[in-house]
Amino acid sequence: MMVATVHQTLHGYSDGHRLISGSLSISGPHARTMVVMSDLSGPGIRPEPGYLTGYPLEGEGKYVLARTWAAPEMPRPGCVWTHSLIIDNADLATLSSAEGLILAFRRPNGPPSRSEYAEPIAIPDSPVRAVAFRDRRTPGIVEALYTKPDKIVLADTVLADDDERLVVAIWMQQWPRLRRSFGFCTLSGMDRSGKGVTLDLQLVRSSDRQHRMKFPDSVTPSETLTELALKTLIDDIEGSDTTQIREFLRRSGGDVDGGRRAMLPLCRLHSSLFAGGQPDLGAGIQALADLDALGPKQARSVRSLIARTAVENVDRLDEAVFDFVLDALAHDVRPNEKPIPPGRIGFALWSRSPKRFFDSVDTGGIVGDAAREALASIPAADLVEGLESAATLASRVVEVRPELLERPDFWGISDVDEGLVTSVNAKVAGKVAAALLDAGRSGPARWLVEKADAEDLASALNDSAGGPAFNEWVRALVSNPDKAAAVLASGRISQRLIVVGIANAGGVDDVPNDYGEDPWLIAARSAPGALSEQDETFFAAFLMTRALGFRSHSQADLIRLSYTTLYRAFEHGRLHGDLGRLASSRLSWGIWSSWDNCLRLQETVVAQFIDRNLDPETFGRLTDDVALSISLIDEAARTARGRRYLNEVRKSLADAREKAIRARADYIASKIK
């Protein structure tokens, strides 16, 4: 339990002289104010059983709460005793109830001694508020006080106890700064505000209605409450408030100026935040704007509260509320408060305006730091969506989030500068290539082909075969023969059509084969898929032409892959123009076969196997067509060298499991006897 130390004075008349006794010396205008305010509150007033007056001593940092009693025992008519409690503003702020103050009043019994009120007294603060009560006057008085804040409010008296309880309840409900400036009198016979203080609330007797002209700058309460935001004050006095308005006022009013004018905006603030359901942040911000009209940046603690509440609903904020949150973050968040989580603010700022997002980053401060921190964790899809309208910011985003370069939707933004790929390292170059391929862009294809891993490039081609930029990427690949060789030899190309596309874009001897199997052979074996007759014929011509040159280390296997298809194409006249020229470019010219490309092909292939001593078993299995196989054997058997080579072929086929292959061995044996 807290204890406030309160000074006291007693004003009155004794033996025909004014008596002033007190524990605190008050001089100058404040002493004169206390003398005036201790007098009877108006002509014709009969203060029984007494009335209360409360008023500030501006400039002294003190507040006076006084009780005045009639003093009929004094010889002078109209004498009164006034016991004044002089309370430091700091102590007044700590009191949750006026009960201790009310109980401290003591009416003198007979002429007092000057020492009787000379010592300060201790006022305990009761932790329990006064018992709630209902009074029909409460709504009207509350509304008049806070909707007409520049007027004196006059209300009718009822019973002295009820009057005091009502006025004190209104007073103690106020936040400390308002409480220490609020003046009142529970029984006035004239306007006492002209005596050095302003009394905001004065109760007058009904019989004095005709004398209301004595209160020229006053209003009277209305009978009904028309300002809904103030209803929570009534509920608090009557004991039905569940929103803790009193605690809200205490916490938020500490940095609010404007006196009574601030109560309505604060109640609107409270209503917007705690009336139930979702907070009405727009209404709260409007209430703060009303407070700001009373002085710059009022209610900083409430601003922080609204900002925190808004952050929890940041995806649903309108622009006005969102702007408020940014301003609160930038200016109003106190360093000793728990920081507002910046991540969601950064996300929301990006989704609303990427340009504003980076303006905040450049400006710095709390908002800028929040944006910078959020950039690392904003979902990539959201970043891409924002860049669709702000492509010039792509380089700044990629600086923090380089993985965007691996997304097709990023490269699908037409204004994104392809020069961004120069920041890519070899580890991810293939993934970036795949993204560009998917997005139909090929500008940096050659640079990425040089940089990327061969297996990653193969995967990129697999995923975008037939796409709008596919041919440009294939041309970029074949312009780098070593990388083309690596891609083909990776065995990762999954579609034969891709292999054919690469073959179409380059020359038969462009791809090196310095060691191991020919990359074309590896690619042809590992890439399944049916081809059109035209593509099949082209690919056979390509492989045969490569095999008949000197670039490949897999000549025999390439011939085996292509011989039957190419022979039938010659046979049926399907080779014309450039394809015909490719297919026949390395065929030998025989005396009797110059007019017959089928015979030229047969003679050239046989000579290739014999002259280069290619694998005998491959020759024996060169075609599955029996007739074509026999014609090859017959062609080889025409020369002594050929028959010696056929003997090696016979040996390699003699133990074959297939009956047809062993039959070929037998046929060879019959030809070389």
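In strand β10, Ser-218 is the bridge partner of Ile-152, a residue of strand β7 (residues 152-156). The model is a predicted one, in which local features need pLDDT of at least 70 and side-chain atom pairs count only at pLDDT 80 or more, whereas totals for chains, interfaces and linings use all residues. Residues are numbered from 1 along each chain as its sequence is written, and side-chain values use heavy atoms, with hydrogens and water left out. Helices (H or I, at least four residues) and strands (E, at least two) are DSSP runs numbered from the N terminus.

The pairing of β7 with β10 (residues 218-219) is parallel and runs over 2 bridges, two strands being counted as paired if DSSP finds at least two bridges between them. Strand β7 also pairs in the parallel sense with β9 (residues 201-204), over 4 bridges, and there Val-204 of β9 is the bridge partner of Asp-156. Of the 5 residues of β7, 5 are buried, where buried means under 20% relative accessible area, exposed over 50% and partly exposed in between, with a 1.4 Å probe and protein chains only. Ile-152, Leu-154 and Asp-156 point one way from β7, while Val-153 and Ala-155 point the other way. In a regular strand the side chains alternate between the two faces of the sheet.

In helix α23 (residues 481-489), the buried residues are Lys-483, Ala-484, Ala-485, Val-487 and Leu-488, and they pack against α20 (445-451), α21 (454-463), α22 (470-478), α24 (496-505) and α25 (519-526). Gly-491, with a positive phi near 70°, follows α23.

Helix α31 (residues 626-636) has Leu-628, Ser-629, Ser-631, Leu-632, Ile-633, Glu-635 and Ala-636 as its buried residues, and the elements covering them include α27 (555-571), α29 (597-611), α30 (616-620), α32 (640-653) and α33 (659-671). At the start of α31, a side-chain oxygen of Asp-625 lies within 3.0 Å of the backbone nitrogen of Ala-627.

Two of the helices that cover α31, α27 and α29, have axes that come within 10 Å and cross at roughly 170°, the axes being lines fitted to C-alpha atoms over the stretch in contact, with angles running from 0 to 180 degrees between N-to-C directions. Helix α27 is therefore roughly antiparallel to α29, a term applied to angles over 145 degrees. Their contact (heavy atoms within 4.5 Å) is made by residues including Ile-559, Tyr-563, Leu-566 and Phe-570 of α27 and Leu-601, Val-605 and Phe-609 of α29.

Note on methods: A polar contact is a pair of N or O atoms within 3.5 Å; within protein, one must be able to donate a hydrogen and the other to accept it, and residues adjacent in sequence count only if both atoms are side-chain atoms. Angles under 35 degrees count as roughly parallel, over 145 as roughly antiparallel, 65 to 115 as roughly perpendicular and the rest as oblique.
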